[in-house]
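Please keep the model open while you read this note. Each point can be checked by selecting the residues it names.

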Amino acid sequence: MILDDARVLVFSAHAADFCSRAGGTLLRIVESGGAVQVHALTYGERCEAPALWQADPDRDVEEVKQIRKDEIAAASEILGVPVSCFDWGDSPLVLDQHRLEALVQAIRAFRPDTVLTHWKNDVMHPDHVETTRGVIWAVSYCGAGGIKTQDPPCPRPRLFCYETTIGTAPAAGFLPEAYVDISSVIDRKLEALAKFEAQFNLSDTYDVLGRYRGFEAKSTAGMSACTHAEGFVPIGTQSAG
Ligand SMILES: [Zn+2]
């Protein structure tokens with residue numbers, strides 16, 4: 001399972017996605033002595049900063065990006081995981097060959113056991129789908145010697161998709177196949193999420209979702225003491241168990 005892996009690399013389309021979908025899992029990995037690195041592809045400055053644009057529709061986009069950068073730093077400190085941002089621009093996020101190869105380089109530099117990213121069919125949020133497309137490509141070819149990057153080829157990591165855009169799991173066909181019990185760290189996850197003030201009510205929303213996934217974990221995965229959980233779907237042939 002994800003918690004058994006020593007090195008976990010996360011790709012997040014926007015500033016807060018990694019925290020809302022997998023923040024509890026990352027806290028548990030760090031607690032168990034694992035290493036985590038997060039790469040946000042963008043700050044979500046255009047599509048995922050509604051509170052800022054509502055407060056001032058005429059503000060400079062660079063100012064929005066700086067605010068989101070500060071939010072990431074605050075959440076990163078609470079979670080205890082390093083987070084960097086490629087700043088590739090959101091909505092639309094477009095991954096060309098250069099950027100795809102940058103994803104390969106990120107994998108080769110960290111040499112993860114497991115990669116986490118968005119659900120492949122997150123159809124209500126095209127930036128998320130574009131991220132997954134690129135990450136699947138990079139995971140598939142990180143061992144290819146013909147693709148030249150700063151670091152040499154590395155073994156292919158396992159790939160898990162985390163939660164889809166909130167409320168769209170039925171439309172996107174997201175059915176968790178693996179659960180991580182985050183009951184012991186939910187308070188810190190919500191504290192970290194509260195730092196993303198550019199988005200409305202993330203803490204409340206993902207508290208509800210965590211409780212629901214926890215209920216599923218209790219009912220379907222035998223996790224009887226679980227109050228909050230995060231759900232994942234593996235991509236490829238690896239076992240989720
Ligand atoms: Zn997002």
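Predicted model: local features only at pLDDT ≥ 70, side-chain atom pairs only at ≥ 80, totals over all residues.

1. Start with helix α3, residues 61-79, and helix α7, residues 186-193. Their axes come within 8 Å and cross at roughly 165°. Angles over 145 degrees count as roughly antiparallel, and α3 and α7 are therefore roughly antiparallel to each other. The crossing in which α3 passes α7 is right-handed.

2. Which residues make the contact between α3 and α7? On the α3 side they are Ala75, Ile78 and Leu79, and on the α7 side they are Arg188, Glu191 and Ala192. Sorted by type, the residues of this contact are four nonpolar, no polar and two charged.

3. Helix α7 also packs against helix α8, residues 202-221. Here the angle is about 150° and the axes are 8 Å apart. As α7 passes α8, the crossing is again right-handed.

4. In the contact of α7 with α8, the α7 residues are Ile186, Leu190 and Leu193. They meet Leu202, Ser203, Tyr206 and Asp207 of α8. This set divides into five nonpolar residues, one polar and one charged.

5. The loop between α7 and α8 contains Asn201. Asn201 is not a glycine, yet its phi is positive, near 60°. When you look at this loop, please check the backbone at that residue.

6. A second residue of this kind is Arg111, which has a positive phi of about 50° although it is not a glycine. Arg111 lies in the loop between α4 and β4, where β4 covers residues 114-117. The relative accessibility of Arg111 is 42%, so Arg111 counts as partly exposed.

7. Is the peptide bond from Ser91 to Pro92 cis or trans? It is cis, with omega near 5°. Pro92 sits in the loop between β3 and α4, and α4 covers residues 97-110.

8. How many disulfides are there? The count is zero. A disulfide needs two cysteine sulfur atoms within 2.5 Å. Cys19 is in no disulfide, and the nearest cysteine sulfur to it, that of Cys85, is 15 Å away. For Cys85, the closest cysteine sulfur is in Cys47, at 12 Å, which is too far for a bond.

9. Cys85 has 22% relative accessibility. Buried means under 20%, so Cys85 counts as partly exposed instead.

10. Strand β3, residues 83-85, holds Ser84. With a relative accessibility of 29%, Ser84 counts as partly exposed. Once neighbours within four places in sequence are set aside, Ser84 is in contact with Gln37, Val38, His39 and Ala40.

11. How far apart are Ser84 and Ile72 in sequence and in space? They are 12 residues apart in sequence, and their C-alpha atoms are 8.6 Å apart in space.

Definitions and conventions. Residues numbered from 1 in each chain as written. Heavy atoms only, no water. Axes fitted to C-alpha atoms, helices over the stretch in contact; angles between N-to-C directions. Helix = DSSP H or I, 4+ residues; strand = E, 2+ residues; numbered from the N terminus. Parallel < 35°, antiparallel > 145°, perpendicular 65-115°, else oblique. Left-handed = near helix turned anticlockwise from the far one by under 90°. Contact = heavy atoms within 4.5 Å. Nonpolar A, V, L, I, M, F, W, Y, C, P; charged D, E, K, R; others polar. Buried < 20%, exposed > 50% of the residue type's maximum accessible area, 1.4 Å probe, protein only.
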